[in-house]
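Subject: Structure for your review

Dear colleague,

Please find the structure below, handed over for your own work. My findings follow it.

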Amino acid sequence: MNTAIFHPLYKHNSCFVFPISPYSHGGHHMEMSFLLYTFLTLPLLLGLAKSDPESLQDYCVADPKPSFYLNGVPCINPKLVTTAHFTTSALAKPGNTRANPFGFNVTLTTVANLPGLNTLGLSLARVDIAANGVVPPHSHPRASEVTICLKGSILVGFVDTSNGLYTQQLRVGESFVFPKGLIHFLFNLESAPALAVSGLSSQNPGAQIASLAAFTSNPYIPDDVVKKAFQITTQDVMKIRKNLGG
């Protein structure tokens, strides 16, 4: 009987390897060997995945005008770094909560207004919410988020992949964490403006508002798909798109 022979797990170039012996052959056994190899190695590879790469130096101040494109932002010459690269006043002023129909504004630190955060795997956001305004259900595909309420009273919550809802009313000084990639929201419960600050585990967390993605994409998601997904009519689709500015 032809059987696959597996050698002990070893490490090579920072990767774990579980090789299959070259003596493995035979259609059925080769297929089983491949499946077993995939089953054993995939968890190891996924375990090595990280959201943002580790920095190999003390800092990497962003060069805002690189001559080439890459996943991230290149560094300027360390000899040109100053204290100003690690300081920003971007979050000092309230944002315009009237710029959208939801009544909120998010001001985010980026490599453009805070070059020193480049490669550090974090960012900070100021969240202004008008009276009874809402940061609608949205997600950050590349970051977890922890939010602290600095003013007012804010209802926060997220939905997990089992469709379970977790909510909490935050008062001044209280915090809440949103796991990476999960749909979450913030709602101002009071008739006065609210303020929160959020820390995110990526310098470029990304943000996708669920309602805008579903109804105002460019080009639009086909009407038949939206109607079926939300169990609504063509008139409903047109009305929602108009309300959202689509």
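N163 is found in the loop between β7 and β8 (165-170); here helices (H or I, at least four residues) and strands (E, at least two) are DSSP runs, numbered from the N terminus. The phi of N163 is positive, about 70°, although N163 is not a glycine. At 67% relative accessibility, N163 counts as exposed, where exposed means over 50% relative accessible area, buried under 20%, and partly exposed in between (1.4 Å probe, protein chains only).

This is a predicted model, in which local features need pLDDT of at least 70 and side-chain atom pairs count only at pLDDT 80 or more, while totals for chains, interfaces and linings use all residues. Residues are numbered from 1 along each chain as its sequence is written, and side-chain values use heavy atoms, with hydrogens and water left out.

Further backbone points

T119 also has a positive phi of about 70° without being a glycine. T119 lies in the loop between β3 and β4 and is partly exposed, with a relative accessible area of 24%. A cis peptide bond, with omega about 0°, joins N218 and P219. P219 is placed in the loop between α2 and α3 (223-230). As background, most residues other than glycine have a negative phi, and most peptide bonds are trans.

The chain as a whole

The secondary structure of the protein chain comes to 4 helices and 12 strands. Of its 246 residues, 30% count as buried. The chain exposes about 15600 Å², of which carbon and sulfur atoms supply 60%; accessible areas come from the Shrake-Rupley method with a 1.4 Å probe, and for residues only the protein chains shown count as cover. Among contacts in the chain with a separation of 6 or more, 63% are between residues 24 or more positions apart; contact means heavy atoms within 4.5 Å.

The largest nonpolar core

A nonpolar core is a set of buried Ala, Val, Leu, Ile, Met, Phe, Trp, Tyr and Cys residues joined through side-chain atoms within 4.5 Å. The largest one has 22 residues, of which I129, V135, I154, V156, F176, F178 and L186 touch the most other members. Two or more residues of this core come from each of β4, β7 (154-159), β9 (175-178), β11 and α2 (210-215), and β7 gives the most, with 3 residues. Leaving aside neighbours within four places in sequence, V135 is in contact with F104, V127, I129, F185 and L186.

The second largest pocket

A pocket is defined on a 1 Å grid over the protein atoms alone, as an open set of points where a 1.4 Å probe fits, with protein on both sides within 12 Å along at least five of seven lines; lining residues have an atom within 4 Å of a point. Grid points are joined across faces, edges and corners, and a volume is the space filled by probe spheres set on the points. The second largest pocket has a volume of about 250 Å³. Its lining holds 15 residues, of which F104, V106, H138, H140 and A207 lie nearest the centre. At least two lining residues come from each of β3 (104-108), β4 (123-129) and β5 (134-139), and β3 gives the most, with 3. By class, the lining has 11 nonpolar, 3 polar and 1 charged residues; Ala, Val, Leu, Ile, Met, Phe, Trp, Tyr, Cys and Pro count as nonpolar, Asp, Glu, Lys and Arg as charged, and the others, Gly among them, as polar.

Individual residues

- S139, in strand β5, is buried, with a relative accessible area of 11%.
- T109, in the loop between β3 and β4, is buried at a relative accessible area of 2%. The contacts of T109 are T88, L91, L114, L117, S123 and L124, and its C-alpha atom is separated by 6.9 Å from that of A90, 19 residues apart along the chain.
- G199, in strand β11 (residues 194-200), is in contact with S123, L124, S144, E145 and V146. The C-alpha atoms of G199 and E145, 54 residues apart along the chain, are separated by 5.6 Å.
- L212, in helix α2, counts as partly exposed at 26% relative accessibility. L212 touches F102, S217 and L244; L212 and R241 are 29 residues apart in sequence and 8.5 Å apart in space, C-alpha to C-alpha.

With kind regards
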